[in-house]
Amino acid sequence: MEAFLSGHWLDILTTVLGLIYIWLEYRASIALWVVGIIMPALDIYLYWSHGLYGDAGMAFYYTLAAFYGFYVWKFKKTRKLKQELPIIHMPRRQYLPATVCFFLAWGAIYYILITWTNSTVPVLDSFTNALSFIGLWALARKYLEQWLFWMVVDVVCCMLYVQKGIPFKAGLYGLYVLIAIAGYYKWKKMTKITKYERV
């Protein structure tokens with residue numbers, strides 16, 4: 001048992017932080033961004049040591065992006081009423097740019113993985129990373145649809161982590177799928193129909 005825990009302590013720690021993070025996200029609490037800085041910083045080493053180079057790079061991006069998310073949630077206001085950003089539907093005009101960015105990111109990350117790493121799962125690793133870029137951006141903007149992006153990411157990541165021998169993280173992402181479903185419906189009830197222009 002001691003050997004098992006010593007070999008998986010970082011997996012366990014980041015899993016606990018991940019549970020705290022998703023709970024805060026479910027509650028739409030700004031504190032999620034604080035955990036969102038600490039957890040991925042630790043994940044960088046965890047993923048790299050298991051050959052998930054794309055995820056390691058994504059964890060680095062998450063760490064930096066969490067600062068952006070905190071800034072947007074804390075300081076960005078609706079232009080007209082200077083209120084906190086409400087939870088809204090992703091504007092239709094954003095779908096095409098988001099889709100283009102997703103495919104460009106997928107292709108770029110895949111190229112990096114097959115060119116400069118010995119990744120054995122470049123297609124799925126790059127897929128989850130590219131979609132995570134979109135998901136994190138949508139979360140920072142408080143778009144309801146961010147939960148749909150995370151559902152897909154979580155299912156694929158769960159399978160990848162089982163394959164790569166990161167059991168606690170795999171279990172966490174399996175739980176993430178269920179929480180993402182619950183979170184979608186909770187945020188849907190909180191969604192506001194608004195025409196406020198964001199700055």
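Author: An axis is a line fitted to C-alpha atoms, for helices over the stretch in contact, and angles run from 0 to 180 degrees between N-to-C directions. Helices (H or I, at least four residues) and strands (E, at least two) are DSSP runs, numbered from the N terminus. The model is predicted, so local features need pLDDT of at least 70 and side-chain atom pairs count only at pLDDT 80 or more, while totals for chains, interfaces and linings use all residues. Residues are numbered from 1 along each chain as its sequence is written, and side-chain values use heavy atoms, with hydrogens and water left out.

Reader: At roughly what angle do the axes of α4 and α5 cross?

Author: Two packed helices are described by the angle between their axes and the distance between the axes. Helix α4 covers residues 95-116 and helix α5 covers residues 122-140. Their axes come within 8 Å, and the crossing angle is roughly 145 degrees.

Reader: How many residues of the contact of α4 with α5 are nonpolar?

Author: Contact means heavy atoms within 4.5 Å. Among the residues making this contact are Phe 102 and Trp 106 of α4 and Phe 127 and Trp 137 of α5. Ala, Val, Leu, Ile, Met, Phe, Trp, Tyr, Cys and Pro count as nonpolar, Asp, Glu, Lys and Arg as charged, and the others, Gly among them, as polar. The contact of α4 with α5 has 1 charged residue, 2 polar ones and, in the nonpolar class, 17.

Reader: Are α6 and α7 roughly parallel or antiparallel to each other?

Author: The axes of α6 (residues 146-163) and α7 (residues 167-190) come within 8 Å and cross at roughly 170 degrees. Angles under 35 degrees count as roughly parallel, over 145 as roughly antiparallel, 65 to 115 as roughly perpendicular and the rest as oblique. The two helices α6 and α7 are therefore roughly antiparallel.

Reader: How are α3 and α5 directed, roughly parallel or antiparallel?

Author: The axes of α3 and α5 come within 10 Å and cross at roughly 5 degrees. Their contact includes Tyr 61 and Tyr 62 of α3 and Ser 132 and Leu 136 of α5. By class, this contact of α3 with α5 has 12 nonpolar, 5 polar and 2 charged residues. Because of the crossing angle, α3 and α5 are roughly parallel.

Reader: How far apart in space are Tyr 62 and Gly 36, C-alpha to C-alpha?

Author: Tyr 62 is found in helix α3. Not counting residues up to four places away in sequence, Tyr 62 touches Gly 36, Pro 40, Ser 132, Leu 136 and Trp 150. Tyr 62 and Gly 36 are 26 residues apart in sequence, and their C-alpha distance is 7.2 Å.

Reader: What is the phi of Lys 142?

Author: Most residues other than glycine have a negative phi. Lys 142 lies in the loop between α5 and α6. Although Lys 142 is not a glycine, its phi is positive, at about 60 degrees.
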